[in-house]
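Dear colleague,

I am handing over the structure that we spoke about, and it is shown just below. After it come my notes on what was found.

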Amino acid sequence: MTQPLTLLGIESSCDDTAAAIVRGRDILASVVYGQTALHADFGGVVPEIAARAHAEKLDHCVEEAMAKANLRFADLDGIAVTAGPGLIGGVLSGVMCAKGLSAATGLPLIGVNHLAGHALTPRLTDDLPFPYLMLLVSGGHCQFLIAHTHDRFERIGGTIDDAPGEAFDKAARLLGLPQPGGPSIEKSAKTGDPKRFDLPRPLLNRPGCDMSFSGLKTAILRARDGVVADQGGLTQQDQADLAASFQAAVSAVLVEKTRRALDIYQGLEPVTPSFAIAGGVAANGTIRAGLTALCAARDTAFVAPPLQLCTDNAAMIAYAGMEQMAAGGRDDLTLSARPRWPLDQTAAPLLGSGKKGAKA
Ligand code: KG4
Ligand code: ZN
């Protein structure tokens with residue numbers, strides 16, 4: 001039996017600095033340093049601050065991951081690093097770190113597409129066979145992909161403007177709830193009435209599985225202003241009702257568009273269907289429940305990786321690098337950082353880029 005490969009993964013494309021060691025499907029160590037506090041005053045990720053923080057933290061992150069896994073560089077088979085897409089300063093910091101390590105140790109270097117890391121996570125966690133339908137849904141991206149092989153992804157739809165996580169964050173700001181907005185909206189919504197405000201379900205009247213979330217931000221602003229005009233302010237109950245109504249609208253759009261994406265995918269791929277999600281928004285209980293019910297009704301296997309593997313992390317980068325390496329993929333010191341790097345090179349460019357920079 002061949003020994004599984006052991007890779008170090010490095011991720012720094014957005015606002016998390018991460019390193020991980022993965023052997024086969026075993027995560028031996030996974031370290032993530034978030035930067036939420038550094039960007040809190042600015043209402044979004046500031047690229048220069050992010051890049052500087054990555055440069056400061058990367059070495060420590062790698063050291064910590066190696067120590068946790070109790071391994072030496074001689075025990076590794078390769079170094080995988082996110083080479084894009086993302087904020088260029090952060091991606092460059094990671095790529096430089098990985099090149100330095102590769103040059104010093106002689107270990108093979110593998111540049112990984114961050115989105116492929118997310119898209120291959122269901123194989124790391126659940127050994128999901130190809131092909132499967134994937135919904136990537138976070139603060140920076142939102143797209144339906146059919147994963148055919150480790151390096152062939154077909155995009156069949158996506159947002160034409162904002163990513164849902166971005167809309168959650170903006171809605172939370174409008175309601176006076178803390179950032180990141182997704183978890184605080186979800187918490188507030190628990191005591192709210194999702195039917196009190198009739199918010200739109202954008203693009204449901206159009207065929208296909210493209211989505212739009214920017215109108216929902218305007219709609220919640222109007223609903224909030226309406227309550228303030230009537231009552232002179234927002235009570236905690238108003239806040240909860242607005243949060244619940246917003247969450248219900250995003251969930252309804254994602255579930256209905258997933259139904260259509262499943263139809264398209266099953267039309268193209270006459271196999272036992274399977275569907276997986278990734279990205280921070282995939283942590284939302286209401287959205288997960290809606291997708292779980294949809295898949296159960298359609299006899300479709302549903303893979304929802306644990307939260308820490310849905311959000312940005314380096315284990316997914318190490319694992320994606322491992323699949324590339326097993327297929328003979330290898331980079332060298334000419335590896336460059338790419339701010340834009342669509343997974344599906346043949347699909348038309350997406351219009352939206354998300355608050356954290358162009359992702360696809
Ligand atoms: O995947 P991620 O960690 O980073 C990228 O955007 O790449 O996703 C972060 C996004 C944020 O916009 C956050 O508000 C959202 O995911 N999020 C959630 C929840 N937890 C995180 N959105 C809805 N419900 C949640 N429970
Ligand atoms: Zn991500």
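Where is the place of Pro 85? Pro 85 has its place in the loop between E4 and H3, where helices (H or I, at least four residues) and strands (E, at least two) are DSSP runs numbered from the N terminus. The peptide bond that leads from Gly 84 to Pro 85 is cis, with omega near -10 degrees.

Before going further, please keep in mind that this is a predicted model, in which local features need pLDDT of at least 70 and side-chain atom pairs count only at pLDDT 80 or more, while totals for chains, interfaces and linings use all residues. Residues are numbered from 1 along each chain as its sequence is written, chains are lettered from A and ligands numbered from 1 in the order in which they are written, and side-chain values use heavy atoms, with hydrogens and water left out.

Domains

The protein chain is divided into domain 1 (6-125 + 308-347) and domain 2 (128-307), with bounds that come from an automatic or database domain assignment. Taken over C-alpha atoms, the centres of domain 1 and domain 2 are separated by 27 Å. The contact between them (heavy atoms within 4.5 Å) takes 22 residues from domain 1 and 26 residues from domain 2.

One open sheet has 5 strands in the order E3-E2-E1-E4-E5, with mixed pairing; two strands are said to pair if DSSP finds at least two bridges between them. At its edges lie strand E3 (26-34) and strand E5 (109-113), each of which pairs on one side only. Neighbouring strands of this sheet are turned by 20 degrees against each other on average, direction ignored, where axes are lines fitted to C-alpha atoms, for helices over the stretch in contact, and angles run from 0 to 180 degrees between N-to-C directions.

Strand E4 (residues 78-84) runs parallel to E5 and is joined to E5 by 5 bridges, and Ile 79 stands opposite Leu 109 in E5. Two helices pack on this sheet. Helix H2 (residues 47-69) touches strand E1 (6-11), strand E2 (16-23) and E3, and its direction makes about 25 degrees with that of E2, whereas helix H3 (residues 88-105) touches E1, E4 and E5, with a direction at about 160 degrees to that of E4. In the loop between H2 and E4 lies Asn 70, whose phi is near 60 degrees, a positive value in a residue other than glycine.

Strand E9 (residues 274-278) and E10 run parallel and are joined by 3 bridges, with Ser 274 standing opposite Ala 301 in E10.

Where the domains meet

Domain 1 and domain 2 bury about 2,000 Å² between them, 67% of it on carbon and sulfur atoms; buried area is the accessible area (1.4 Å probe) that two parts lose on being put together, summed over both. Pro 122, Arg 123 and Cys 310 supply 29% of the area that domain 1 buries against domain 2, more than any other three residues. What does H4 give to the side of domain 1 that touches domain 2? H4 gives the most to that side, with 10 residues. Across this interface the rule finds 0 salt bridges, a salt bridge being a side-chain nitrogen of Lys or Arg within 4 Å of a carboxyl oxygen of Asp or Glu.

Other details

In the whole structure, the search finds 11 salt bridges. In one of them the side chains of Arg 196 and Asp 241 meet at 2.8 Å, N to O. This pair links distant parts of the chain, 45 residues apart, with Arg 196 in the loop between helix H6 (181-189) and helix H7 (214-231) and Asp 241 in helix H8 (residues 236-268). Finally, a cis peptide bond joins Gln 179 and Pro 180, with omega about -5 degrees, and Pro 180 lies in the loop between helix H5 (164-175) and H6.

With best wishes
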